[in-house]
Each structure stands twice: as structure tokens, then as C-alpha cells.
Amino acid sequence: MAHKKGQSSSKNGRDSHSKRLGLKKFGGEVVKAGNIIVRQRGTVHYPDRNVGMGKDHTLYALIDGTVVFKRKKEDKSYVSVLPFEN
């Protein structure tokens with residue numbers, strides 16, 4: 001029955017911070033060039049027209065315009081930014 005008692009508080013406190021993943025801009029929203037559209041782990045959504053992908057799979061707008069989400073080949077989700085109509 002060799003137990004240490006009263007030491008539990010020093011063994012806690014290793015929880016990581018939440019990474020704030022997910023959609024930052026939704027379909028139909030207006031974005032500026034450089035705005036982050038999606039933060040994700042892996043490719044849940046793929047970049048389409050006028051959208052770039054960072055090394056951590058973050059999708060961002062390359063031009064000013066409107067966000068559009070589409071399902072294309074193999075039922076994958078693609079994000080594009082359509083320029084404004086003049």
C-alpha cells in the first residue's frame with residue numbers, strides 16, 4: 001500500500017490549446033485578397049479558381065470577390081472565389 005497522496009495537481013495542466021479550425025468565410029460572403037476562407041487539417045476542402053493553399057492546408061483568397069463552394073468529381077468539396085461583376 002505504498003501510495004503518494006496529494007500530488008495530483010502537479011501532474012495536471014498538459015492540455016493543448018484549441019486550434020480554431022473550420023470555415024472562416026461561408027458561401028456568398030465577400031472576401032478580400034489574402035483573407036482566410038478555411039482552416040483545416042488535411043484537405044477536407046480543395047482549392048479551385050482564385051484560391052490558394054498554404055503548407056498547413058489553409059485555403060485563402062487570391063483576389064477580391066465572392067466565395068463559392070461546389071461539389072465536383074468524386075464528391076469532393078471545392079472552394080473558389082468569383083470576381084465582382086462590374
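A: Buried means under 20% relative accessible area, exposed means over 50%, and partly exposed lies in between (1.4 Å probe, protein chains only). Keep in mind that this is a predicted model, where local features need pLDDT of at least 70, side-chain atom pairs count only at pLDDT 80 or more, and totals for chains, interfaces and linings use all residues. Residues are numbered from 1 along each chain as its sequence is written, and side-chain values use heavy atoms, with hydrogens and water left out.

Q: Which residues does S80 touch, not counting those up to four places away in sequence?

A: A contact means heavy atoms within 4.5 Å. By that rule S80 touches D48, R49, V51, T66, V67 and V68, leaving out residues up to four places away in sequence. There's also N50: its C-alpha atom is separated from that of S80 by 6.0 Å, though the two residues are 30 apart along the chain.

Q: In which strand is S80 found?

A: Strands here are DSSP runs (E, at least two residues), and helices are runs of H or I with at least four, numbered from the N terminus. S80 is found in strand β8. Of the 6 residues of β8 (residues 77-82), 5 are buried, so the strand is largely enclosed by the rest of the structure.

Q: How do I read strand pairing, and what does β8 pair with?

A: Strands of a sheet pair through backbone hydrogen bonds, either parallel or antiparallel. β8 pairs with strand β4 (residues 45-47) in the parallel sense, over 3 bridges. With strand β7 (residues 65-71), β8 pairs in the antiparallel sense over 6 bridges, and V67 has V81 as its bridge partner.

Q: What happens in the hairpin of β7 and β8?

A: There are 5 residues between the strands, and E74 takes a positive phi near 55 degrees.

Q: In what order do the strands of the open sheet run?

A: The sheet has 4 strands in the order β2-β7-β8-β4, with mixed pairing. β2 (30-31) and β4 stand at the edges with a single partner strand each, so one side of each has no neighbour in the sheet.

Q: And how many helices and strands does the protein chain have?

A: It has 0 helices and 8 strands. Of its 86 residues, 21% count as buried.

Terms used. Two strands pair if DSSP finds at least two bridges between them.
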